[in-house]
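The sequence and structure come first.

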Amino acid sequence: MMVRFSMRKCLFSLLFLVGLVNCAFAQDFRFTTTVSSNTVALDEPFQIQFMIENGVNVTSFNPPDFKDFDVLQGPSQSMGQSIMNGRRSEYIALIYVLQPKRVGSFTIAGAQARVNGNVVKSNPVLIEVRRGAGASQQQAPQQQQSAGGYGQRGGRDEAVDGILKKGENIDEKLRKNIFVKVDVDKTNLYEGDQLTATYKLYTRLPTNSSVTKVPAFKGFSAKDIELPNPPQATEEMVNGQLFKVFTIRKTLLFPLQSGTLELEPVEVDNQVRLVKVVQNKRRARDPFEDFFNDPAFKDPFFDDFFNRPDVEYEDVPYKTQCNPVKITVKPLPVDGRPASFNGAVGRFNMTAEVNKDKLSTDEALTLKVTITGQGNVNLLNTPKVDVTSGFEAYDPKVTDNIEKNSNPLSGSRTFEFVLMPTEAGEHVIPPVEFSYFDPSANTYKTIKSASFPINITQGKKVKSEKQDYSVGRNELVGIETGIMPWVKKHTWFVTSIWFYILLLIPVLVYAGAVFYKRRQDYNTTNAAVLKHRYANKVALKRLELAARYLKEGKDKAFYEETSRAVWGYLSHKLKIPFADLSKQLVQEKLTARSINGSNTSELFELIDNCEVALYAPGQDNRRMQGTYEKAVSIITNLEDALKN
């Protein structure tokens, strides 16, 4: 019984351990998505890795849709094993190198795989794409079409062509894959005929480009066609290879002279981003390496995960320019040139009309001539209008109406002539004639309008007769030969005394200003002198305030102001700081100036009376009056004594 129980217990324990092992293996299976960085710049590639760990019987793998990204490389497949804390794990990884197409937040969905007959899915990842340095360099030049900014990063074909292979010459690669070309629709034409020049940048590499030099078009009148901003790329096949093409400039040119003219080249600076594939050093040999060196595993899918290729980027500056183009300009034929021809080349129509056929001599008449067609519309000269003697003509008002971005240049130019009638009667304005040269027909053509009969009546303003300048009607006044009475003899002002007086006035004024300024500065800076000088005035001013307190019967305020006036006078006059004032020091200063006797005794008696009165108020008005008179007398006597 005990043996049977022990065997059953051992069986249950073994089954329990097997279940734990299976659960451990089941929990160890993982299918994850990781990226090298969740925040990348617009022109910055990054790696995304899909890893299956401890997967059994992996039969299929389906990556997500990278619709918002360009795939630069991948998938790079790898497989390996690792032992950590005594536990062995196996993994299979697939790696892609992606580059964003635009700025924004994008979610890359998880990949799907079939593992052991079951479909599993990895986690999605969020990528934040910001406008990085490369993107800002691309956008900044595009804000000014004249400077030229044409750049692009990414694209699957560009990524492949942008990979710099080992031993490949960089200069040769750049020369073959980036160049500038000018296309012209004709190289032989007549003077004034239209020529269209289109400058294009061809590239098969990821690059940021800017135009650094534009042609001057010497000898041509130029009109640029507006291009999309930012520039839009097109594709062209060149020598069996597909290039992205950016139009740098498209210009309508009209030669102004005959002979051989040259279209100068355009120069473009490029920053080309090339990709270098760098193989990492192999990791340390592990005990399972011999197993995977079996020929059955010599497939890229089983490459070591740690030997996956890394990429390095190198921005290479490259300057390129197109070749100059020679243009042969033929002079317009002389034979058969009409007298009314004034330089128009192309195909044109003309209309002429007047705004009224009846008017008075007080009104104005407008003759409008409109020339419409294709050609050098912006260079049309004023057609000749023959005006009869009954009108006075003024310079015309010219108005252009050019069709935007038309090629060939199309539009109209209107000339409005203002005619002022000078006399009444029946008048006829002759037909307006316009001639142009048609280069397609190689001949001159003339358009002629109808004549314009005009009925003019006399207005309110009567025309003044012209001045008669015939002989005898316009004689000059006789020439005087003597001295006229308004001529006055005088001496030179330089020799008079007033000249020198006026010359000295600025010097005297300057000297007086300097003296006054120095005096003011001296008085301002020497405060002790000022206090000494105005001590008597200040003391008497304070005694005036004491006198007001006397009238109001404010005994305490009276004695305070009297005491302050006396002590302030002594401080300023004897040049003693107010904080150092004392009877003894005042006595010494007065003795030094030989002032003794009644002046000093009365002074100190006055000071004592004021101090006693401050602490024993209730003095009568008569005693306060005596104190005031005594203070005025003492200060006046001291002032006289100190002056002497």
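In which loop is Val494 found? Val494 lies in the loop between β33 (452–457) and α6 (497–525); helices (H or I, at least four residues) and strands (E, at least two) are DSSP runs, numbered from the N terminus.

## Basis

This is a predicted model, in which local features need pLDDT of at least 70 and side-chain atom pairs count only at pLDDT 80 or more, while totals for chains, interfaces and linings use all residues. Residues are numbered from 1 along each chain as its sequence is written, and side-chain values use heavy atoms, without hydrogens and water.

With a relative accessible area of 47%, Val494 is partly exposed, that is, between buried (under 20%) and exposed (over 50%), with a 1.4 Å probe and protein chains only.

## Aromatic pairs

There are 18 aromatic pairs in the structure, counted where ring centres of Phe, Tyr or Trp (its six-membered ring) lie within 6.5 Å; planes under 30 degrees apart are stacked, over 60 edge-to-face and the rest tilted. One of them joins Phe46 and Phe69 edge-to-face, at 5.6 Å centre to centre and 80° between the planes. This pair links strand β3 (residues 46–53) with strand β5 (residues 69–84), its members being 23 residues apart. Phe46 is buried at 3% relative accessibility, and Phe69 is buried at 4%.

The pair of Phe558 and Tyr559 is edge-to-face because its centres are 5.1 Å apart and its planes at 70°.

## Cysteines

The number of disulfides (cysteine sulfur atoms within 2.5 Å) is zero. Cys322 is buried at 2% relative accessibility, and Cys610 is buried at 1%.

## Helix α12

Helix α12 (residues 621–643) has 23 residues. Its buried residues include Met624, Tyr628 and Leu642.

Key:
Expected span 1.5 Å × (residues − 1).
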